[in-house]
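Subject: Handover of a model, with notes

Dear colleague,

I am passing on the structure below, together with some notes on what was found in it. Please read the notes alongside the coordinates.

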Amino acid sequence: MIAYMFPGQGSQFKGMGKELFEMFPGEVTLANNILGYSIKELCLEDPNGVLNKTEFTQPALYIVNALMHLQSKRMTTRLPDYVLGHSLGEYNALLAAEIIDFETGLRLVMRRGKLMGQVHGGGMAAILNCDKTKIASILKKNNLALIDLANLNSPQQIVISGADRDISSARACFEEEGVIFIPLKVSAAFHSRYMHQASREFEEILAKTVFSPSKIPVISNVDARIYSMANVRGNLAKQISSPVQWIDSIRFLLDNGVTQFEEIGPGNVLTKLVRNIQSERKANPTHITAYVTQDNNCEEQKTINALKPENLGSDDFKRGYGLRYAYVSGSMVKGIASKELVVAMGKAGLMGYFGAGGLSLSIIESALQFIQQELTQGESYGVNLLCQLNNPLAEMALVDLLLKYGVTNIEAAAYTQASPALIKFRLRGLEQDSTGKTIVKHRIMAKISRPEVAEIFLRPPAQRIVNQLLDAGEITLEQSRLAETVSLADELCVEADSGGHTDMGNMAVLLPTIIRVRDLYTKKGISNVVSVGAAGGIGTPEAAAAAFILGAEFILTGSINQCTVEAAMSDEVKDMLSQLNVQDTDYAPAGDMFEMGAKIQVMKKGVFFPGRANKLYDLWRYHQSWEEIDKKTRQQIEEKYFGRSFSDVYEETKEYYLKISPQEIQKAEKNPKNKLALVFKWYFVHTMRLARNGVSSDRVNYQVHTGPAIGSFNQWVEGTPLEDWRSRYVAEIGERLMGATADFLRQRIAQL
């Protein structure tokens, strides 16, 4: 394992970075614009003699470190396992881990250098060949309690910090003990209590700074432990007035398997310090045991350190789809999970499902053409397949279209039993290799919320339907034979109380139950590995972490993606969604399963849809016809809900159903209650159309499927650039959420 180290103040020298400024003109120009002077001139010529002044040293060293890191990245594609920096160098470590970008880091370093440069009247000194215990004893013996240990650099080098007069008095005290005492040329007592005011002022600056999830673990100077998203601001503020725990930082990395340290920056000060620490370990191996005891359990710490976003979830799941993270975005009907959204996820090494539900075949075909034109490097994507019990021909037609375009991944939703179309898709992707092993090319992710439905997808496809497909020539004899060797699905996605269609399940109850059902079927001998993931209510790192802790092998997000740039939803609705809190949703009847009483979860803030939809359902339950409803209520529905007459709605509905399902009109003509249901269901289609198109004049009737996850997400990103949905990009959300989830898990597990 390898760690990159970035040096801090004291490593600067006139002429540093000479070969770099021409190599990276973009960064140099940006730096010059921010600084207001030429960084090249300062580093190479220092005409005004200010390079060693703190407010100039820090930005100069930060820039040279950064350019050297860029040069290093050109030479190797390998990422380090850890990064750390000494004092100022920690900002370069944060830059390398992509917690900050180049500009953010430079602006922070400028402010930091200025604040630290304004402090005067202090001094520092290096104490050589004297451990911290003896140093503390000498200070106590000579009543020098106002001196702090500032830099614990190596067992043979510790820097003290304090007021000028105290540092001067300390010199004689240490030299009397035969200890080497070297005063340092500094303007203030850095990394000591005397920097508290600068630390507090810098904290206010940090509060306005946006930090991103870490791509590489960063070791903090403050506590010699890995940064989490929760403590970035706090640690950077404390760092100014706290000792640099360099010895413990290196020991921590050594204990966790780091064998190679590479210094990136001018000079080799840190490399020498590491050698001293390593030599001390060899000479005094008992220290290692003491350190491990202090760290509670080295193996536990290694486990915590391994909690990186790419390590969360199931490796089988990630390999199966070729994904970086065990993270996917779910479909949203009517193409809200748009072709652009799917492409953005695929290009980021993630996967999204296109929301095919409720769209015509021509629109779906056009979307598939777009997706396949954009994703040409084998990136993963999927398409939603909705169960259509009342229209199996339409379901089969969609499967045929998916097969025509070579789609290999589907998200199966709303199934309570396996349909011929679903089984056909599965079996058409089965082959046998030369060793007799079944190869599965068509993957099915089944969204479920009931154990008995999970069992349907864990079993091989029903033999009765397999035989029907074989007799109809839809599958081959070999595919029918291989059907009994695999389960119907590759993944079970457990939906808790999600936006849109919901069984109002509880994740903490559902997920472990479904995992136990899966494990039982695994023992029975299903040949393929079935992963179990989680969806519903996932909008923050805490929620995602809870899902992984409960055993989820992947997570699927929905509501939070509807409020992104790529989602095919009106800007007006996105404005509304970005203002929601966790309590701003409600339940209403599902239009596509109106008579069954199924529920959907929808936005309630700023709209009347939930109340109106529930009222329509109650009217249908207790009345046999439109005419039975009192005149005042009928008038209210026509004017406020429909915006047109009952008869006009029926004629529009009739025209539609005569094309796709004429038997429904036959039922309606014979039974007034069926007619009432058809007209009321029109309202659900109409209200979704209003929302998607952003018809502001009828905003109160918007039907927007969403769960409380969007409210929790809004709270999480408040005060960051993601607060505005116009800065929310679906793949970036996935990246940030997984990174922050790993950070949160490391922090909580360490605390527990």
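A residue is called buried under 20% relative accessible area, exposed over 50%, and partly exposed in between, with a 1.4 Å probe and protein chains only. This is a predicted model, in which local features need pLDDT of at least 70 and side-chain atom pairs count only at pLDDT 80 or more, while totals for chains, interfaces and linings use all residues. Residues are numbered from 1 along each chain as its sequence is written, and side-chain values use heavy atoms, with hydrogens and water left out.

Helices (H or I, at least four residues) and strands (E, at least two) are DSSP runs, numbered from the N terminus. Ile-180 is part of strand β6, which covers residues 180-184, and because its relative accessibility is 41%, Ile-180 counts as partly exposed. Together with Ile-182, Leu-184 and Val-186, Ile-180 forms a nonpolar surface patch with about 280 Å² of accessible area. Such patches take residues with over 30% relative accessible area and no salt bridge, joining nonpolar side chains (Val, Leu, Ile, Met, Phe, Trp, Tyr) within 5 Å and like charges within 9 Å; a salt bridge is a side-chain nitrogen of Lys or Arg within 4 Å of a carboxyl oxygen of Asp or Glu, and accessible areas come from the Shrake-Rupley method with a 1.4 Å probe, only the protein chains shown counting as cover for residues.

Turning to the helices, α1 (residues 25-35) has Val-28, Ala-31, Ile-34 and Leu-35 as its buried residues. Down the axis of α1 these fall within an arc of 130° (taken from the directions from the helix axis to the C-beta atoms), so they line one face of the helix. They pack against α2 (39-44), α3 (54-75) and α5 (102-117), contact meaning heavy atoms within 4.5 Å. After α1 comes Gly-36, with a positive phi near 85°.

In helix α28 (residues 662-670), the buried residues are Glu-664, Ile-665 and Ala-668. Viewed down the axis of α28, they lie within an arc of 100°, so they line one face of the helix, and they pack against α27 (646-660) and α29 (672-693).

As for the strands, Met-351 and Tyr-353 point one way from β10 (residues 351-354), Gly-352 and Phe-354 point the other way, and all are buried. Strand β9 (residues 327-329) pairs with β10 in the parallel sense over 2 bridges, where pairing requires that DSSP finds at least two bridges between the strands.

Best regards
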